[in-house]
Amino acid sequence: MEIGILRRDGRTDPFFDGAAEDRLVIRRCEPCDHWYAPDQSGCPSCGGDELVWAQASGEATLVTWTVLHGRPAADGTVPPPAVLGLVELAEGPWLNARLDGVDAAALREGLALRASFVHPAEGEPYLLFRPV
């Protein structure tokens, strides 16, 4: 199942710059050392509004998942299903991402995962998680 072409905007540049170098970059509040997902704009813990971009370890565990089945094409071919997961990063934030290299029947809560990036010919790289 195709993800489509991802394009950056001014708010996502640090995330995609990290992804281009196979690094997972998320938000962190320096005063209170809490980590947040890339779309977080302020710190709910201390009220700070200046989150920095920081490199995360890329290690995560699976929280939950679903299998998405695509529609058959006009010629009857069916795209392979996509496995989408909610993962908890080692730093604490939860992210939604595609899972790759997994057997959907063998998935379980707490499965150890590691961030990986796909670099398509067009558009920005995208994040997915694979079993460790």
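Some ground rules. Residues are numbered from 1 along each chain as its sequence is written, and side-chain values use heavy atoms, with hydrogens and water left out. Because the model is predicted, local features need pLDDT of at least 70 and side-chain atom pairs count only at pLDDT 80 or more, while totals for chains, interfaces and linings use all residues.

Cysteines to begin. Take Cys-29. Its closest cysteine sulfur is in Cys-46, 3.5 Å away, so that is too far for a bond. Now Cys-43. Its closest cysteine sulfur sits in Cys-32, at 3.4 Å, again too far for a bond. Are these residues buried or exposed? Cys-29 is buried, at 1% relative accessible area. Cys-43 is buried too, at 4%. Buried means under 20% relative accessible area, exposed over 50%, and partly exposed in between, with a 1.4 Å probe and protein chains only.

Next, the largest pocket. It holds about 540 Å³ of space. Volume is the space filled by probe spheres set on grid points, joined across faces, edges and corners. A pocket is an open set of points on a 1 Å grid over the protein atoms alone, where a 1.4 Å probe fits, with protein on both sides within 12 Å along at least five of seven lines; lining residues have an atom within 4 Å of a point. The lining has 22 residues, and Thr-12, Phe-15, Phe-16, Pro-38 and Asp-39 lie nearest the centre. Helix 1, strand 6 and strand 8 each give two or more residues to the lining. Strand 6 gives the most, with five. Helices (H or I, at least four residues) and strands (E, at least two) are DSSP runs, numbered from the N terminus.

Now the largest nonpolar core. It has 22 residues, and Leu-113 is among those with the most contacts inside it. Such a core is a set of buried Ala, Val, Leu, Ile, Met, Phe, Trp, Tyr and Cys residues joined through side-chain atoms within 4.5 Å. Strands 4 and 7 are among the elements that give two or more residues.

Last, Thr-61. Its place is in strand 4.

Definitions and conventions: Disulfide = S-S within 2.5 Å.
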